[in-house]
Amino acid sequence: MLQGLRGSLRWPAATPLVAAMRCLSSGSVDIKVPLNFWAGKRQTSPDKCNKENVYEPATGRVLCLLDPCGAAEVDQAVSAAMSAFGHWSKMSGMERARIMIEAAHIIERRREEIAEMEVVNNGKSITEARLDVDSGRLCIEYYAALASTLAGQHVQLPGGSFAYTRREPLGVCVGIGAWNYPFQIVAWKSAPALACGNSMVFKPSPVTPVTAVMLAEIYGEAGAPEGLLNVVQGGQETGSLLCHHPDVAKVSFTGSVPTGKKIMEMASKGVKPVTLELGGKSPLIVFQDSDLQNAVSGALMANFLSQGQVCSNGTRVFVQKDILPEFVEEVVKRTRAIEIGDPLLGSTRMGALVNRPHLEKVLSFVDQAKKEGATVLCGGEAFVPSDPKLRGGYYMTPCVLGDCTDAMTCVKEEIFGPVMSVLSFETEEEVLLRANDTTMGLAAGVFTRDVKRAHRVVEHLKAGSCFINNYNITPVEVPFGGFKMSGIGRENGQVTVEYYSQLKTVFVEMGDVDSLF
């Protein structure tokens with residue numbers, strides 16, 4: 001199946017993209033297979049003029065061409081999902097669970113293949129990509145285990161009558177993904193939807209279209225009915241068609257606040273429920289009694305995972321005044337030691353940002369911070385690797401900004417890149433007011449040895465996902481989501497079942513009707 005690993009990867013349209021790839025190198029892959037998928041197979045577009053370039057972040061090369069879906073293609077994908085829903089929703093939870101578990105086993109076997117393609121399409125390090133694939137697999141395993149436990153409630157009423165509730169699937173759900181965690185997001189959205197008996201049409205970001213279709217094929221290989229998970233490629237127009245489609249029952253979106261607002265508005269036309277996991281400008285509070293090395297590790301994890309392109313990142317790092325110099329010295333030393341380069345190398349800890357426009361946007365935030373009085377303590381510059389094939393890639397040095405104030409743009413706006421803003425504070429009361437002074441509330445963190453203080457501070461932080469003495473840990477067993485403008489609903493955990501199902505109440509009269517007429 002593999003023809004010239006160091007040249008092009010050219011499979012027939014029906015051949016899985018995940019077939020037997022090992023040890024890819026940056027700049028070696030050209031994807032020629034279709035990336036749209038519905039009714040159990042990859043689909044080609046009849047429109048030969050509407051293709052868009054997709055780039056490999058590590059090299060800047062064109063990786064593949066994207067075929068955006070229009071109204072006809074969206075209709076076909078939704079129709080396939082409706083057909084699959086009729087069969088899937090009537091299966092028992094145990095039957096659905098068996099297929100989902102098999103899909104998880106296939107992902108485990110193909111971990112390296114999926115991770116490599118995630119790196120090629122997204123630019124993050126192979127080390128992180130492997131963990132993302134693991135997270136997707138674990139999510140599918142978790143919801144497979146829940147599938148057979150979905151149940152209603154029995155309520156005894158007077159006179160021997162009773163009522164009961166049924167937890168039923170919604171129908172065809174739409175998932176719209178972001179480009180920072182392509183494979184993980186399609187797994188996080190499809191797993192609870194499928195466990196509850198729904199089918200799904202998923203639209204990846206047009207920037208990272210490659211790995212979602214791999215999961216769709218894996219579900220099929222595991223025994224799922226054709227059309228259970230469908231993938232349509234495209235941008236705003238395709239997303240709008242999905243949100244407005246009369247046969248779509250629910251929309252789940254991960255992305256920016258402005259786009260989330262538009263999706264909520266579109267879904268409201270059909271009174272469709274939405275789950276929105278949106279942006280953040282999260283605070284990380286470091287008290288003077290913290291374990292300093294642990295706090296620095298937390299700050300690095302809160303800012304530099306996936307080249308800083310993480311919605312929950314704790315980019316406002318508040319450090320108590322007495323330990324500020326020591327903290328800054330250590331965080332700068334460790335930031336400078338981060339190895340930047342080829343994301344497919346195991347030694348790399350920071351790969352490429354997702355595309356050229358985004359790199360330039362992040363660098364402009366650093367320039368603006370300097371103009372507003374912040375001090376660049378390290379990094380914040382475009383980086384050109386020594387390897388010639390990587391010189392067209394989208395790299396920058398991770399940045400730590402000192403002398404920051406709450407009014408600065410770098411502190412107020414989501415940068416979505418490897419830029420940490422360090423601020424000082426004196427009292428707990430002060431830092432809580434400042435930490436909560438944002439329209440967003442996705443995440444927050446606190447480092448302290450004082451367990452009472454830790455819980456007291458977390459109680460007052462206005463954020464949906466809070467961390468004590470750690471940061472950016474997202475086990476699939478616990479819910480993840482935000483307060484305020486950071487979103488609605490939750491991903492992961494048992495509660496997410498409620499967002500992919502609906503409750504029906506049934507009243508059973510065991511006597512005669514007590515009529516007033």
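**Exercise 1.** In this predicted model, is cysteine 378 buried or exposed, and which cysteine sulfur is nearest to that of cysteine 378?

*Solution.*
- Step 1. Cysteine 378 has a relative accessible area of 7% and is buried.
- Step 2. The nearest cysteine sulfur belongs to cysteine 399, 6.5 Å away.
- Step 3. A disulfide requires two cysteine sulfur atoms within 2.5 Å, and cysteine 378 is in no disulfide.
- Step 4. For cysteine 399, the nearest cysteine sulfur is that of cysteine 378, and cysteine 399 is in no disulfide either.
- Step 5. Cysteine 399 is also buried, at 0% relative accessibility.
- Step 6. The structure as a whole holds zero disulfides.

**Exercise 2.** Determine which residues of helix α14 (residues 451–460) are buried, and why they lie on the same side of α14.

*Solution.*
- Step 1. The buried residues in α14 are Arg453, Ala454 and Val457.
- Step 2. Because these residues cover an arc of only 100 degrees around the axis, they fall on the same side of α14.
- Step 3. The general rule is that an α-helix has 3.6 residues a turn, so residues three or four places apart point the same way.
- Step 4. On the face turned away from the buried side of α14 are the exposed residues Val451, Lys452 and Glu459.

**Exercise 3.** Identify what covers the buried residues of α14 and which residue caps the N-terminal end of α14.

*Solution.*
- Step 1. The cover includes strands β12 (283–286), β20 (443–447) and β21 (465–468), together with helix α13 (428–435).
- Step 2. The cap at the N-terminal end of α14 is aspartate 450.
- Step 3. A side-chain oxygen of aspartate 450 lies 3.0 Å from the backbone nitrogen of lysine 452.

Key: Residues are numbered from 1 along each chain as its sequence is written. This is a predicted model: local features need pLDDT of at least 70, side-chain atom pairs count only at pLDDT 80 or more; totals for chains, interfaces and linings use all residues. Side-chain values use heavy atoms; hydrogens and water are left out. Buried means under 20% relative accessible area, exposed over 50%, partly exposed in between (1.4 Å probe, protein chains only). Helices (H or I, at least four residues) and strands (E, at least two) are DSSP runs, numbered from the N terminus. The arc is that of the directions from the helix axis to the C-beta atoms. Contact means heavy atoms within 4.5 Å. A polar contact is a pair of N or O atoms within 3.5 Å; within protein, one must be able to donate a hydrogen and the other to accept it, and residues adjacent in sequence count only if both atoms are side-chain atoms.
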